[in-house]
Structure formats: structure tokens, C-alpha cells
Amino acid sequence: MKRRDQELLITDLIRALGTSLKNRGLYPASHPLVRTPVEKVHKNLLLFFADLTELVLVITDGTLVFEGVPIFNLNSSLESFMERLARIGLPVVIFEKGITPGDIDSFVRFLHETKEQGLSASRIQELLDKAGIAHIRVKPIEDDEEDDQTVAHEIYDNAVSVVVSVLRDVRLGRIPSGAETERVVKDISSMLTRNRDAMVALTLIKNYDEYTYNHSVNVAVLSLSLADALKLSSQDKIDVGVAGLLHDIGKTQLALDLIRKPSTLTPEEFEEIKKHPEEGFVLLGKMSNIRPASAYMVREHHMRFDRTGYPRPEPEYPLNPNSNIIPVADCYDALTTMRSYQRARFPQQALEVMGKIAGRSLDPEVMQVFAKTMGAYPVGTMVRLSTMEIGVVSGQGEPGRGAQKVVVLFDRNGDPLSRPEQVDLGETDGATKKPRRTILGTVNPQFHPSASTGALFSALAPA
Ligand SMILES: [Fe+2]
Ligand SMILES: [Fe+2]
């Protein structure tokens with residue numbers, strides 16, 4: 001069935017439901033003016049069930065939505081019917097195959113008799129069950145945010161598997177294509193536009209066994225976020241993201257025990273490590289679908305802002321204009337990750353350390369923009385609220401607005417909540433019109449070891 005026909009059928013069906021409901025107030029239930037429209041609804045539903053097993057209608061702000069697209073051509077009496085449904089609290093209504101005119105009739109009776117407003121979906125479902133209505137279910141409108149977290153997670157996991165496969169190919173002596181890399185970079189970039197917090201929060205989930213892969217994805221996410229803040233063109237952003245994802249690809253050419261060595265490197269070993277940017281540059285140069293800009297950014301990611309890094313550039317060597325982005329992202333991810341030789345720093349501490357090396361190893365202007373986008377309380381910072389609750393910042397909202405969302409982990413007495421609760425700092429008290437909660441300051445997470453940031457985000461973000 002074409003969308004246009006489906007819309008007509010749905011409009012017709014809703015109109016018949018509305019008529020039956022209206023007439024029920026005027027005539028007995030057995031009256032043809034009540035019954036005939038019910039049969040019409042049933043007939044229309046049967047047409048749908050030739051192709052579908054259920055018809056899902058979403059009512060949001062008085063608008064009817066079918067398969068994600070609103071149906072706008074409702075006349076005013078239909079609109080008032082929709083408003084009535086919305087007032088009761090009906091969110092998503094699902095008509096299932098097998099429905100009988102009796103179910104529809106009982107549903108109309110339910111609508112007619114229900115005087116309460118703003119019922120929860122679970123309460124409505126309870127009432128429908130009690131009224132013996134089969135084949136009509138309701139459920140709450142899915143939380144967009146939860147949805148974003150799921151999508152962000154999928155994109156992140158997908159990026160990890162692309163890195164795994166590219167690095168494996170290289171280790172086996174094959175030259176992989178860069179097409180997949182470019183695709184995941186585009187996915188990350190569009191997710192950042194849709195919900196930056198959901199994407200950036202994932203960089204805090206540190207998987208120490210898979211450090212190389214997660215580090216690559218984290219650097220790509222953070223570099224892309226920075227590229228956004230620096231207002232780079234979309235092509236430049238992709239080049240930065242691709243370079244971020246593959247910045248350490250040259251390490252595949254080094255001995256594994258050297259990369260994984262837990263203790264300090266000897267000067268000879270460090271000389272070996274210093275080869276990875278140039279090795280990476282050579283590898284990227286051989287790969288298809290990789291632009292030269294990305295290859296240069298990989299070569300230059302350890303040259304440092306003051307050019308005292310490696311490979312040591314000639315004084316006149318012109319760096320790629322965007323080569324100052326990855327070092328910032330690389331540094332932040334390394335500092336906030338626990339390694340065998342270092343304790344993980346908390347986001348705010350990492351920004352402080354980076355502030356001190358800006359001007360020497362990091363570009364101070366880029367660093368400033370980075371600190372601004374991360375905010376005074378970056379996502380992942382543990383904070384005490386004015387309610388004396390303790391939580392972790394989980395969202396910044398618009399960059400530069402400061403922390404907006406906090407996941408509360410401990411109540412005012414310091415007792416852990418059984419289920420962490422996300423609160424919005426923009427929420428105001430009805431009476432005083434003042435924010436319910438503000439951030440008093442940071443808390444040292446070491447005093448709350450049960451609430452590691454990684455565990456927190458794993459608990460929040462769906463697997
Ligand atoms: Fe590196
Ligand atoms: Fe790195």
C-alpha cells in the first residue's frame with residue numbers, strides 16, 4: 001500500500017473512532033450511529049493487516065505520527081479528537097492483527113468513560129487489560145535521548161571494529177581500503193551534530209584490554225568535536241577524523257612487546273617508538289580513499305607546537321594547518337586513561353595539565369577552544385550538588401553553556417542510589433523559580449571508588 005493510501009485509511013479510521021465516541025454520548029451503545037463507525041474502524045484495520053501485523057500510531061503534541069512521519073491533513077474535529085486522546089495521556093497506540101469489533105467497541109467505551117487526564121502509559125495499559133480489551137496496546141513515546149545513546153553506542157562499536165580490521169590487515173601485510181574508515185568518521189560526525197554529549201560521553205568508557213582500538217576511536221571523536229568547534233569545512237572535518245582514527249597505525253610496524261611495555265622505555269626503545277608517525281604516513285599514502293591531508297596529520301601528530309617533537313621537523317617545514325587538533329585530543333585521551341605507568345586523571349585535572357603544556361607541546365589557541373567546549377565541569381567530572389547529592393556530569397548541552405545534566409549516584413547522606421538518576425540542572429523549582437540543583441564544586445572520585453566513570457557510563461548507556 002502506498003503511503004498516501006495508508007494516510008487516507010488512517011485518517012478515515014481516526015474519524016470513525018471519533019464519530020463513534022461522540023455518538024456514544026448521545027445514543028445507547030447498540031445504536032447504529034455508535035456501531036457502524038466501529039465496524040468501519042475494523043474494516044480499515046483489516047486492510048492494514050494484509051501487509052502488517054500491527055499498526056502503530058503515535059500521538060505527540062496533538063499530532064498523529066505514522067512510521068515517523070506526521071499526518072497533517074486532519075480536519076478540526078479530528079484534531080480535537082486527537083487532543084482528547086493526548087489529554088488522557090495516550091502516547092503510542094498499537095492495534096494488533098486479530099483485533100475484533102468487540103475490542104474496538106470496548107476501546108471506545110474506555111475513551112468515553114475515562115475522565116482522568118495525563119495518565120501514564122502503564123496505567124492506561126492496566127485499565128485496558130481490566131476492561132478486557134485485547135489487541136490494543138499502549139506504550140510511552142520512546143525517549144529520544146535514550147535512543148541517541150543507543151545509536152551513539154552502535155557507531156562507537158562499529159568504529160572500533162573498523163579499526164580492529166584495518167590494523168589486522170596492516171599487520172598481515174595487506175593494504176586496507178580507507179573507505180570504511182571514511183564511512184565511520186562520517187557517522188561519528190553526524191552523531192556529534194545530533195547529540196554531542198551522547199557521543200563524547202562514550203570516550204570515557206575506557207577498555208584497558210583494547211586500549212589501542214578504543215584510543216583510536218576516542219581520538220577520532222574528540223578531534224571531530226574539536227573540528228566542529230573550530231568551524232572547519234566538512235571535508236576538512238572528515239580529513240581530521242580519518243587521521244584521528246588512524247593516527248597510531250604506524251605502531252603496527254613496531255614490535256608488540258615494545259608497544260605494550262609496562263615500564264619506562266630505554267632510550268633505544270624510545271627511538272623505535274618515534275618511528276610510528278612516519279610509518280603511519282607511509283601506510284596512509286598507500287591506502288585508497290585517504291586524502292593526503294590525513295596522511296600529513298598522522299605524520300605530524302607528535303611534532304609538537306614548538307616543533308621540538310618527532311620526527312623533528314626542519315625549521316621551515318610547513319605543518320598542515322589542522323595538524324594542531326589531533327595532539328590535543330590524543331593528549332586528553334591519554335591523560336584520562338589509566339595505564340600501567342599512570343593513574344587516570346579526571347577530566348578537569350587533564351585539562352589543567354594540558355593548560356600548562358599549551359604553548360609548548362600543544363597549540364594554545366586550539367587548547368583554549370577545547371577547554372571551552374569541554375566546559376568548566378567536563379562530562380565525566382564528579383560533582384557535589386547544592387542538594388548535597390553527588391553525581392557525575394553527563395551532559396553539556398550546547399558547548400559553552402556549562403554542565404547541564406548530572407547523573408546522581410549518592411543521595412544527600414552519601415548513600416549510593418540503587419539506580420543512578422539523571423537530573424537536569426535547568427530544572428527550576430515551581431515555587432521559587434530557582435534551579436533545583438546547582439553544582440557546588442568537584443569531588444575527588446577516589447573517595448567514591450564504587451562509582452568509576454567507566455562503570456557509570458556503562459550502566460547508563462545501553463549495551
Ligand atoms: Fe602517536
Ligand atoms: Fe595516540
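Reader: Is Asp248 buried or exposed, and what is its relative accessible area?

Author: Asp248 is buried, at a relative accessible area of 11%, where buried stands for under 20%, exposed for over 50% and partly exposed for what lies in between, with a 1.4 Å probe and protein chains only. This is a predicted model, in which local features need pLDDT of at least 70 and side-chain atom pairs count only at pLDDT 80 or more, while totals for chains, interfaces and linings use all residues. Residues are numbered from 1 along each chain as its sequence is written, chains are lettered from A and ligands numbered from 1 in the order in which they are written, and side-chain values use heavy atoms, leaving out hydrogens and water.

Reader: OK, and which residues are the protein donors of the iron ion (ligand 1)?

Author: Asp248 contributes through OD, and His276, His301 and His302 each through NE2, at 2.1 to 2.3 Å from the iron ion (ligand 1). Donors here are N, O and S atoms within 2.8 Å of the metal (3.2 Å for Na, K and Ca), and water is not among the atoms, so sites may look incomplete. Of these residues, His301 is buried as well, with a relative accessible area of 3%.

Reader: How far apart are the two iron ions, ligand 1 and ligand 2, and which residue coordinates both?

Author: They are 3.8 Å apart, and Asp248 coordinates both. Asp248 sits in the loop between helix 10 (234-246) and helix 11 (256-259), whereas His301 sits in the loop between helix 14 (292-299) and helix 15 (326-335), so this pair ties together parts that are 53 residues apart in sequence. Helices are DSSP runs of H or I with at least four residues, strands are runs of E with at least two, and both are numbered from the N terminus.

Reader: Switching topic, which residues of helix 17 are buried?

Author: In helix 17, spanning residues 364-374, the buried ones are Val366, Met367, Phe370, Thr373 and Met374. Viewed down the helix axis they fall within an arc of 125°, so they line one face of helix 17; the arc is taken over the directions from the axis to the C-beta atoms.

Reader: And what's exposed on the other side?

Author: Glu365, Gln368 and Lys372 are exposed there.

Reader: What do the buried residues of helix 17 pack against?

Author: They pack against helix 8 (196-201), helix 9 (211-229), helix 15 and helix 16 (347-357), with contact counted for heavy atoms within 4.5 Å.

Reader: What comes just after helix 17?

Author: Gly375 follows, and it takes a positive phi of about 80°.
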